[in-house]
Amino acid sequence: MNSDELRKRLGGISPKSILSGVMVAGFLLSVPVWLSSNTEDKQHLAQSAAKQLVEKNIGLIDIQPEEKEELRKMLKPEDEGRKMDFEQVVWMKDIVQTIKPWVPDETEAEAIARWVYVYGKRFNLSPELILGVIAVESRFDHFAVSNVGAIGLMQVMPFWKDELGSPSDNLLHIETNVRYGCAVLRHYLDRYKTLNRALGAYNGSLGQNKYPNLVFTKMKQFKATETGLVN
């Protein structure tokens, strides 16, 4: 059936107009549900929509059971009393000064530097790569929340807590956010094999170069190459 025949059967109304009407009606019907929902329900609806958006852009978040189990093991929080080695102390001192324009509070800067170093080692990601992602995603604002609900330094989507960790984890916490962000980035790097594609997936722009190039540019500020891996 061609478009003219279909239009006749629809009483002269174009199929496109009907489709648009259905979409508008669907939106209008959803508004009362949203308005009548409590805060928790609204957050759930927002996260469901955000997850669908991510899946539309980069495919299903179909982590295999063995992958999920391994990532969950790696997501175990580091002991905050862990003693720092000399290399870490020297690196942190340098980075605290480097990120000072973004993070003037030295205690906060030290916390960011510490966990970037620790989880960079754990997930085999260069600390400079992680810093590059943070600079692009949140400009080092650990209270940042995007309009689609991404949270914290590495702008982690809260649905990852259900996928990999615990729903009660606080993504506004520096250590928690860096730990999750590194786990997600590591997952995409293992899946897509190249840093360019992994960064695109992390940002929800798989196959595009704009976001990876922004991160690579920022990495240079932190004295890094584009390998993104710990030597």
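Guide: Helices (H or I, at least four residues) and strands (E, at least two) are DSSP runs, numbered from the N terminus. Read along the sequence, the pattern here is α-α-α-α-α-α-α-α-α-α-α, with 11 helices and 0 strands. The model is predicted: local features need a pLDDT of at least 70, side-chain atom pairs count only at 80 or more, and totals for chains, interfaces and linings use all residues. Residues are numbered from 1 along each chain as its sequence is written, and side-chain values use heavy atoms, without hydrogens and water.

The crossing of H5 and H6 is right-handed, a term for a near helix turned clockwise from the far one by less than a right angle, while anticlockwise is left-handed. On the H5 side, contact (heavy atoms within 4.5 Å) is made by Glu87, Gln88, Trp91, Met92, Ile95 and Val96. H6 contributes Glu106, Ala109, Glu110, Ala113, Arg114, Val116, Tyr117, Val118 and Lys121. By class, this contact of H5 with H6 has 9 nonpolar, 1 polar and 5 charged residues; Ala, Val, Leu, Ile, Met, Phe, Trp, Tyr, Cys and Pro count as nonpolar, Asp, Glu, Lys and Arg as charged, and the others, Gly among them, as polar.

H6 also meets H7: the two axes come within 8 Å and cross at roughly 125°. H6 and H7 are therefore oblique to each other, and H6 passes H7 in a right-handed crossing. Here Val116, Tyr117, Tyr119 and Gly120 of H6 meet Pro127, Ile130, Leu131 and Ile134 of H7. These residues divide into 7 nonpolar, 1 polar and no charged.

Helix H7 (residues 127-137) has the highest mean pLDDT among the elements of the protein, 97; pLDDT is the predictor's confidence in each residue, from 0 to 100. Helix H2 (residues 15-36) has the lowest, 43. The protein averages 79, and 70% of the residues score at least 70. Where pLDDT is low, the predicted coordinates should not be read in detail.

Beyond H7 lies the loop between H7 and helix H8 (159-164), the place of Arg139. Gln155 is in the loop between H7 and H8 too. Arg139 has a positive phi near 55°, and Gln155 has one of about 50° although it is not a glycine. Most residues other than glycine have a negative phi. Arg139 is exposed, with a relative accessible area of 55%, whereas Gln155 is buried at 11%; buried means under 20%, exposed over 50% and partly exposed in between, with a 1.4 Å probe and protein chains only.

In the protein as a whole, buried residues make up 41% of the 231 residues. Of the contacts with a separation of 6 or more, 60% join residues 24 or more positions apart.

How values were computed
Axes are lines fitted to C-alpha atoms, for helices over the stretch in contact, and angles run from 0 to 180 degrees between N-to-C directions. Angles under 35 degrees count as roughly parallel, over 145 as roughly antiparallel, 65 to 115 as roughly perpendicular and the rest as oblique.
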